[in-house]
Number of protein chains: 2
Amino acid sequence: MALGKDYATQECSIARALEVVGERWTLLVIRDALYGVRRYNDFLVHLGIPRAVLAARLQALTAEGILEKRRYQESPPRDEYVLTDRGIALWPTLRSLGLWGREHFGESRLRWFRHADCGTELGPYGECPRCAMIVPVPDVEMAPGPGLDRDPADPVSRALLAPRRLLEPLDTDPRRPVDGHPQEPEGGGRGPGGVADAASGSGRSAEGRPV
Amino acid sequence: MALGKDYATQECSIARALEVVGERWTLLVIRDALYGVRRYNDFLVHLGIPRAVLAARLQALTAEGILEKRRYQESPPRDEYVLTDRGIALWPTLRSLGLWGREHFGESRLRWFRHADCGTELGPYGECPRCAMIVPVPDVEMAPGPGLDRDPADPVSRALLAPRRLLEPLDTDPRRPVDGHPQEPEGGGRGPGGVADAASGSGRSAEGRPV
DNA sequence: ACACGTTGGTTCATTGACCGAACCCAGGTG
DNA sequence: CACCTGGGTTCGGTCAATGAACCAACGTGT
């Protein structure tokens, strides 16, 4: 990896982490993966990243055990890149970084993050203030804020406008069948409806509060 | 800044943040600043960063309001770079990133971070489990762990071996007069009553916040 | 007086990463 | 059989990073 030569002399977990995710685009790829992006082409159009760079990043992240490449259909062989636990564990870091960016450089709020179970907006550490717990990543619901463009050009941004849970597979092609939900085997009335389920919770939006 | 052209199209606070701190070396400079490094030469020898790159990073960080360049002596004019509140606010992000690096790629523990008031090790979000509060950055005490090299080559790493609070100015030159900051004799056992300084009390905005 | 060290830079040639565009290939589709 | 889509690889041009050298202001030793 590019940074290894120099960062290796740093005896520091931060430097070690940056060797893995510190290159350009890498954290944005992981962010997109948290948002549900899984396919090469979706990363490509959403990030506007050069193809060669994206291929290199996906390969490196797979080699580091942050993404997992897996085939989701055979007939025309198609692969998707899914976050592993190691990748999902970066959520607090990205949450923290995004919060810092908004507080110090953002003019208006672009996205809300709420606890899907109760609709309460997450605190700075990804906790639900009402439930007094750290919200598991699949239970974080993402919704567009007032500052977000309501009519983006690319289909991935368009698909991300609907309120949705983190990690929920993004479907930009309606013909593609939704393969069984990897997470949330929870029973309470929350069926494997995917996008439709998240949209049905839009009535809770009034409960969100600005920080 | 280098990444602005492409990241600007990303409507995302994470991308915004990465425009500011996403370039190579930048987060390591901020990490060192949190550890108490303040002088050009100390950054240089500790990071092993090319001089031109360090100068560019320090200038950019100063322009972004993350560092503040200030003169600490006149006779030979000498400047130091000190973290602003905006820079200190990156502590949770760096803490989170370092934790991820250690848990997933670190073989042994390199540093401890404790609540200086009670000696309890910090939790994953920078909180003190015993006091049930987010520990203000100047009250975080850093101590070397078992995996850290006990006899490093450069004087900055050597100075960082002593247990010390974050933001406490590092002094690699014993002749340098300490301006208003009580200086810690090396190797000293330390108690909760110690150092009460840390740069005009910045970073205490979250003091006592329950978690 | 004068050489030399320290701090904080700048300049410069070389290297390496990033960039966009073009090309490629396997497997459908009309 | 031409053409489209997904998922890449290849290739020249550009731009930033690198390390070494140079610079300048000030102090210190002799």
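Predicted model: local features only at pLDDT ≥ 70, side-chain atom pairs only at ≥ 80, totals over all residues.
## Relation between the two chains

The same surface serves both copies, for 98% of the contact residues of chain B recur in chain A.

## Extent of the interface

The interface brings 50 residues of chain B into contact with 51 residues of chain A. The size of an interface is often expressed as the accessible area that is lost when the parts come together. Between chain B and chain A, the buried area is about 4800 Å², and carbon and sulfur atoms give 62% of it. On the side of chain B, the residues that lose the most area to chain A are B:Glu11, B:Trp100 and B:Tyr125, which together make up 15% of what that side buries.

## Composition of the interface

The count of salt bridges between chain B and chain A is 0. Polar contacts, in contrast, join 10 residue pairs between these chains, with both residues at pLDDT 80 or more.

Several helices of chain B give two or more residues to the side that touches chain A: helix 1 (4–7), helix 2 (13–21), helix 3 (26–35), helix 4 (40–47) and helix 7 (91–105). Helix 7 of chain B gives the most, with 11 residues. Sorted by class, this side of chain B has 27 nonpolar, 11 polar and 12 charged residues.

## The surface near DNA strand D

DNA strand D is surrounded by 19 residues, of which the closest are A:Tyr81, B:Arg24, B:Trp25, B:Arg57 and B:Ser75. Of the atoms of DNA strand D that come within 4 Å of the protein, 69% belong to sugar and phosphate.

Both chains supply elements to this surface: helix 4 (40–47), helix 5 (51–63) and strand 2 (78–83) of chain A, and helix 5 (51–63) of chain B, each supply at least two residues. By class, the residues near DNA strand D comprise 9 nonpolar, 2 polar and 8 charged.

## Individual polar contacts with the DNA

Two residues of chain A approach phosphate oxygens of DNA strand D. A polar side-chain atom of A:Tyr81 lies 2.8 Å from one phosphate oxygen, and an N or O atom in the side chain of A:Asn41 is 3.2 Å from a phosphate oxygen. A base is also approached: a base nitrogen of DNA strand D is 2.8 Å from an N or O atom in the side chain of A:Arg51.

Key
Residues numbered from 1 in each chain as written. Chains lettered and ligands numbered in written order. Heavy atoms only, no water. Contact = heavy atoms within 4.5 Å. Buried area = accessible area lost by both parts, 1.4 Å probe. Salt bridge = Lys/Arg side-chain N within 4 Å of Asp/Glu carboxyl O. Polar contact = N/O pair within 3.5 Å; in protein donor to acceptor, adjacent residues only side chain to side chain. Helix = DSSP H or I, 4+ residues; strand = E, 2+ residues; numbered from the N terminus. Nonpolar A, V, L, I, M, F, W, Y, C, P; charged D, E, K, R; others polar. Near = heavy atom within 4 Å.
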